[in-house]
Amino acid sequence: MPALDHIGLDIGTHSIKAVQLSGSFNGPVFVAAGQIQAPQISGDPNSNESIDKIADAIKKLRSEVRITKDKANTALPESQIFTRVVEMPLLSQKEMQNAIVWEAEQYVPVPMTEVKLDWQVLGEANPQGRVEVLLVAAPIALVNRYLAILKKADLVPMGLETEITSVARALVQRVSGAPTTMVVSIGASTTDLSIIRSGKISLTRSIATGGIALARGVAQELGFELDQATEYMKTYGLDPNSLEGKVMQAIKPIFDVIVNEIRRVLAYYLSKHPDAPVKRIIVTGGTAKLPGLVIYLAEALGLEVQVGNPWEGISLPSNFSQKLNEEATSYAVAVGLALKQAGG
Ligand SMILES: Nc1ncnc2c1ncn2[C@@H]1O[C@H](COP(=O)(O)OP(=O)(O)OP(=O)(O)O)[C@@H](O)[C@H]1O
Ligand SMILES: [Mg+2]
C-alpha cells in the first residue's frame, strides 16, 4: 500500500485547513494540521490579487503548523460544480465517453468546451442492463484558479476532486459495510448533501445556506452586529432552553431550509431506491458544532444522527491538541484529501 505523503488542503470561504498524515490509508498517522481565516475576497475571484491573497494565507498556515511536504491534494467546492447521477446502458469505455458528453450537454448549463468532465459507474447493471453513472463537470476556469492558487503558494498540485468525494473518504468509506448514509456538510456559506451507498457517492446536492446565514438570522432578529450574533449562534444554537429559546427561534427558520432540503433529498432517494433507504445521517463542517443540532435533526427527521469525527481511525500523538479535537468537524474535507492515495 503506497505511503500517504500529500497534504490535504481545503480552501473554504471562512477558513483554510491543511492536514498532513503519514502511514497508509488503512493505518494513517497524524503529522500536522491547522486552519487559518480565509481572506475576504471582494471583486473577481480569478484576479491575480484574489489568488495572491489566498496563496499568502496558505503559506502562512503552512509555516505556522509546520507542514513539511509540498505535494497537495485539494477539493473544488460542490456549489460550483455540476454533478448528477444518470442511468445509462452499460457501454464500452469508448462508447461511454461519447455518451457521457451527450448526457452532460443535457444538464450542464455551460458549453462543454468550458468544463472538465469526469464520471464513475456506480454499482452493477440492473436487470435491464442499465447502470447508474455519476457525472461531474467542473468549470475549467475554476480548476485553473485552484491550480494557480497552489502554484502561488509554492505547492505542487496533485489530486483535484470534489469536496463531497473527500468528505466521503474521511467519514464513510474507511469503514467497510457502512449502511446507506447521508452526509450533511454544513460550512460557512454552503451546505452539501450526499448519499453514500455501498461506499459510492450516489447523489449530491449543494445549497447556499450555512453558518453565515444562521448568524445573520440571529443578527437580524436580536439586533446584534454580525460578530456578536455569530458568538450567540455558536454558544446557544438550537437549544430551546437557553435565553428563553430566543437564539433558537432566530436560527430555526433558516436552519429549516437545510432540514427541508434534507427531507426532499431523502424522499427523492427513497422513490428511486426503495430497496436501499438511508439508515443514518452524519453531520460535519464547522457549523455541525451548533449546540442542539443533533437532537433537533434526529427529531425532525426520525433518523439516527451522528457527528462525524475525521480524526477517528488515525493514530494521534499523546499531545494531540485539544483545539484540533474540538474543531474536528471542520477537518473532514482536509483529512479526506490527506487520505487520498497518489493516483487513487
Ligand atoms: N460552535 C459552533 N457552532 C456553530 N457554528 C460554528 C461553531 N464553530 C464554528 N461555527 C461556524 O462554522 C463555519 C465555518 O465552518 P467551516 O470551516 O466548515 O467553513 P468553510 O469550509 O470555510 O465554509 P464553506 O465550506 O461554506 O466555504 C462558520 O460559519 C462558523 O461560524
Ligand atoms: Mg468548507
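How many bridges join strand 2 to strand 3, and do the two run parallel or antiparallel? In this predicted model, strand 2, which spans residues 15–24, and strand 3, which spans residues 27–37, are joined by 10 bridges and run antiparallel. The two strands form a hairpin in which 2 residues lie between them. Within this pairing, Gly23 has Pro28 of strand 3 as its bridge partner.

The shell consists of 19 residues, of which the closest to ligand 1 are Thr13, His14, Lys17, Ser189 and Gly286. When the shell around ligand 1 is divided by class, 12 of its residues are polar, 4 are nonpolar and 3 are charged.

Among the closest residues, Lys17, Ser189 and Gly286 can be described at the level of atoms. A polar side-chain atom of Lys17 is placed 2.7 Å from an oxygen atom of ligand 1. For Ser189, the atom concerned belongs to the backbone, a N or O atom that lies 2.8 Å from an oxygen atom of ligand 1, and for Gly286 a backbone N or O atom likewise lies 2.8 Å from an oxygen atom of the ligand. On its own, ligand 1 has 650 Å² of accessible area, and the protein covers 90% of this.

With regard to the overall arrangement of the protein chain, the domain assignment gives domain 1, covering residues 82–138, and domain 2, covering residues 176–308. The C-alpha centres of domain 1 and domain 2 are 30 Å apart. The contact between these domains takes 8 residues from domain 1 and 7 residues from domain 2. Both Ser189 and Gly286, described above for their backbone atoms, fall within the bounds of domain 2.

Notes
Residues are numbered from 1 along each chain as its sequence is written. Chains are lettered from A and ligands numbered from 1 in the order in which they are written. This is a predicted model: local features need pLDDT of at least 70, side-chain atom pairs count only at pLDDT 80 or more; totals for chains, interfaces and linings use all residues. Side-chain values use heavy atoms; hydrogens and water are left out. Two strands pair if DSSP finds at least two bridges between them. Helices (H or I, at least four residues) and strands (E, at least two) are DSSP runs, numbered from the N terminus. A residue is near a molecule or strand if one of its heavy atoms lies within 4 Å of it. A polar contact is a pair of N or O atoms within 3.5 Å; within protein, one must be able to donate a hydrogen and the other to accept it, and residues adjacent in sequence count only if both atoms are side-chain atoms. Accessible areas come from the Shrake-Rupley method with a 1.4 Å probe; for residues, only the protein chains shown count as cover. Ala, Val, Leu, Ile, Met, Phe, Trp, Tyr, Cys and Pro count as nonpolar, Asp, Glu, Lys and Arg as charged, and the others, Gly among them, as polar. Domain bounds come from an automatic or database domain assignment. Contact means heavy atoms within 4.5 Å.
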